Amino acid sequence: MSWSIRRKLGATPVGGTAPADGPETYDRLLPTGRLEAFSDGVFAIAITLLVLELHVPTGREHLLQGLGDEWPRYVGYFVSFTFIGGVWIAHSNLTRFIKAADADLMRLNLMLLLFVSFLPFTTGVVATHLFASNLSFHEVTISTSTERVAAVVFGLNLTLAALMIYLMLRHAGRTPGLAADDVAEEELQAFAKERRSAMLLQAAATVVGGFLPLAAVIFYLAVSVFFVIDPFRRMRARARRPARANGEPAEY
């Protein structure tokens, strides 16, 4: 590793005292710049490709009805958009609290990007086959095997992506030399617990998809929206704690 990278990661120069984690630990670390840039690019492309699954009605008459018939595609789009947005927020929090990456974190990141980049395809599958027969609301509870398979495939994709971001956060919080400091390490471990809950909820919704596809997709959307909003709520709560501890009014 070059001296410039060693200095960026906080290693000591030749002849100085080695870090507490040992020089061999720092020889395995890499700067996070390329991990962030590559990941942001994949997130941006995947979230853009989602809109290609939305079809424009071709009929000159009854446009409103044609738009309404495309509702499964709109649902799939919003589920995947909010899910990728939530994963991007979690990934941004991860890179905010680490000063370096190791080979295992890079591999986990690649696996995360694999499942994120696969989402436009599985979104198309669920949008094409979810209630393609235009069932009435009463008949929605009688789902076909095709609809159940589509909902489960979509749910598995979401669950595996949620699993990867959880494993990344847990790895970063437990591996010496990755977290920026002790406070960052605690934040990563706490955030990993939150994302574990998200992964378990996604897995539970996938099981539901094997019986009630519509209920499962609504569950996917609810979980994705919650984990887009929740990080901002928690950051706001943390920002108010010092003010309350000092007896000062909280800022909003």
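I began with the surface. The protein exposes about 13900 Å², and carbon and sulfur atoms supply 64% of that area. I noted at once that this is a predicted model.

Next I looked up burial. The protein has 252 residues, and 41% of them count as buried.

Then I listed the elements. I found 9 helices and 0 strands. Read from the N terminus, the order is α-α-α-α-α-α-α-α-α.

I turned to contacts along the chain. I took those between residues at least 6 apart in sequence. Of these contacts, 76% join residues at least 24 apart.

H5 covers residues 71–97, and H8 covers residues 182–209. I wanted two values, because two packed helices are described by the angle between their axes and the distance between the axes. The angle between H5 and H8 is about 160 degrees, and their axes lie 10 Å apart. H5 is therefore roughly antiparallel to H8, since angles over 145 degrees count that way. I also looked up the handedness: H5 passes H8 in a left-handed crossing.

Last, I asked which residues meet where H5 and H8 touch. From H5 I wrote down Phe83, Gly86, Val87, Ala90, Asn93, Leu94 and Phe97. Their partners in H8 are Ala184, Glu187, Leu188, Phe191, Arg195 and Gln202. I sorted the residues of this contact by type: 8 are nonpolar, 3 polar and 2 charged.

Conventions: Residues numbered from 1 in each chain as written. Predicted model: local features only at pLDDT ≥ 70, side-chain atom pairs only at ≥ 80, totals over all residues. Heavy atoms only, no water. Axes fitted to C-alpha atoms, helices over the stretch in contact; angles between N-to-C directions. Helix = DSSP H or I, 4+ residues; strand = E, 2+ residues; numbered from the N terminus. Parallel < 35°, antiparallel > 145°, perpendicular 65-115°, else oblique. Left-handed = near helix turned anticlockwise from the far one by under 90°. Contact = heavy atoms within 4.5 Å. Nonpolar A, V, L, I, M, F, W, Y, C, P; charged D, E, K, R; others polar. Buried < 20%, exposed > 50% of the residue type's maximum accessible area, 1.4 Å probe, protein only. Areas by Shrake-Rupley, 256 points an atom, 1.4 Å probe, with all protein chains shown as cover.
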